[in-house]
Amino acid sequence: LDTLEKWVTEIFSEIPNNGLPKPSFGHLTQPFDTPEFHKLYRVVPIRKVHSLTITWALPPQEQYYRVKPLHYISWLVGHEGKGSVLSLLRKKFWALALYGGNGETGFEQNSTYSIFSISVTLTDEGYKHFYEVAHVVFQYVKMLQQRGPDKRQVFATASDILWEEIQKIEANEFHYQEQTDPVDYVESLCENMQLFQKEDFLTGDQLLFEYKPEV
């Protein structure tokens with residue numbers, strides 16, 4: 001550490017501090033408020049696969065990293081048990097898999113917007129009914145909106161996927177994660193230093209800290 005500190009001091013100490021705050025692009029709201037975004041696009045894939053992806057552009061969410069509202073919603077949307085979107089679509093033989101979430105990368109989450117996507121892998125039959133599939137997804141999202149978040153009580157339509165359980169699962173995965181490559185770990189910490197408070201540099205991108213249903 002002493003050697004590394006010496007190197008950093010030699011290399012970076014000559015860079016002047018201009019005292020300016022880091023730039024913010026929060027004033028650039030609604031970047032997807034364009035007719036091109038509100039459309040259905042059909043893309044011909046290279047391999048034989050049917051996939052339906054629905055994407056929402058949301059206000060910036062990175063300030064809520066201690067709550068992680070999109071992570072909570074992605075658990076509910078991605079649930080595969082009784083009462084879930086996927087279980088219904090599988091009963092109709094319309095879908096094989098479903099994933100929903102936000103990648104928490106610069107493109108999907110930044111100071112201007114956040115993206116939330118739900119992607120459904122369709123069967124041949126499901127491809128013929130993709131409008132109905134989209135309708136089911138929107139129905140489920142509307143149901144979640146009407147029910148609101150739950151901290152302890154069981155979601156009747158989402159089995160036992162609860163905020164506190166998600167928090168415990170993420171904590172276990174953090175404490176028992178495999179050792180990563182040191183270079184990758186340092187790079188990740190440097191990114192975290194730009195996004196989180198000092199006490200959350202190590203955990204801000206992985207753990208759920210606060211339950212705030214209004215968020």
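Analyst: This is a predicted model. Start with a pair of side chains: Arg 66 and Asp 200 form a salt bridge, with 2.7 Å between the closest N and O atoms.

User: What is the general idea behind such a pair?

Analyst: Side chains of opposite charge can pair when their charged atoms come close. The cut-off used here is 4 Å between a side-chain nitrogen of Lys or Arg and a carboxyl oxygen of Asp or Glu. At 2.7 Å, Arg 66 and Asp 200 meet that rule.

User: How many salt bridges does the structure hold, and how many cross the interface of domain 1 and domain 2?

Analyst: The structure holds six. Two are found across the interface of domain 1 and domain 2.

User: Which parts does the salt bridge between Asp 124 and Lys 48 tie together?

Analyst: The N to O distance in that pair is 3.9 Å. Asp 124 belongs to helix H4 (residues 124–128), while Lys 48 sits in the loop between helix H1 (2–12) and strand S1 (50–58), so the bridge links parts 76 residues apart in sequence.

User: Now the domains. Where do domain 1 and domain 2 lie in the chain?

Analyst: Domain 1 covers 30–147 and domain 2 covers 152–214. Their contact draws on 18 residues from domain 1 and 23 residues from domain 2. Taken over C-alpha atoms, the two centres are 21 Å apart.

User: What about polar contacts between domain 1 and domain 2?

Analyst: Eight residue pairs are in polar contact there.

User: What is the overall layout of the chain?

Analyst: The chain has seven helices and three strands, in the order α-β-α-α-β-β-α-α-α-α. The C-alpha trace spans about 65 × 40 × 35 Å along its principal axes.

User: Which residues does UniProt list for "domain: Peptidase M16 middle/third"?

Analyst: An unreviewed UniProt entry lists residues 174–214 under that name. In the model this span is 39% helix and 0% strand, and its end C-alpha atoms lie 26 Å apart.

Technical notes:
Residues numbered from 1 in each chain as written. Predicted model: local features only at pLDDT ≥ 70, side-chain atom pairs only at ≥ 80, totals over all residues. Heavy atoms only, no water. Domains from an automatic or database assignment. Contact = heavy atoms within 4.5 Å. Polar contact = N/O pair within 3.5 Å; in protein donor to acceptor, adjacent residues only side chain to side chain. UniProt positions renumbered as here; feature names shortened; annotations may be inferred. Helix = DSSP H or I, 4+ residues; strand = E, 2+ residues; numbered from the N terminus.
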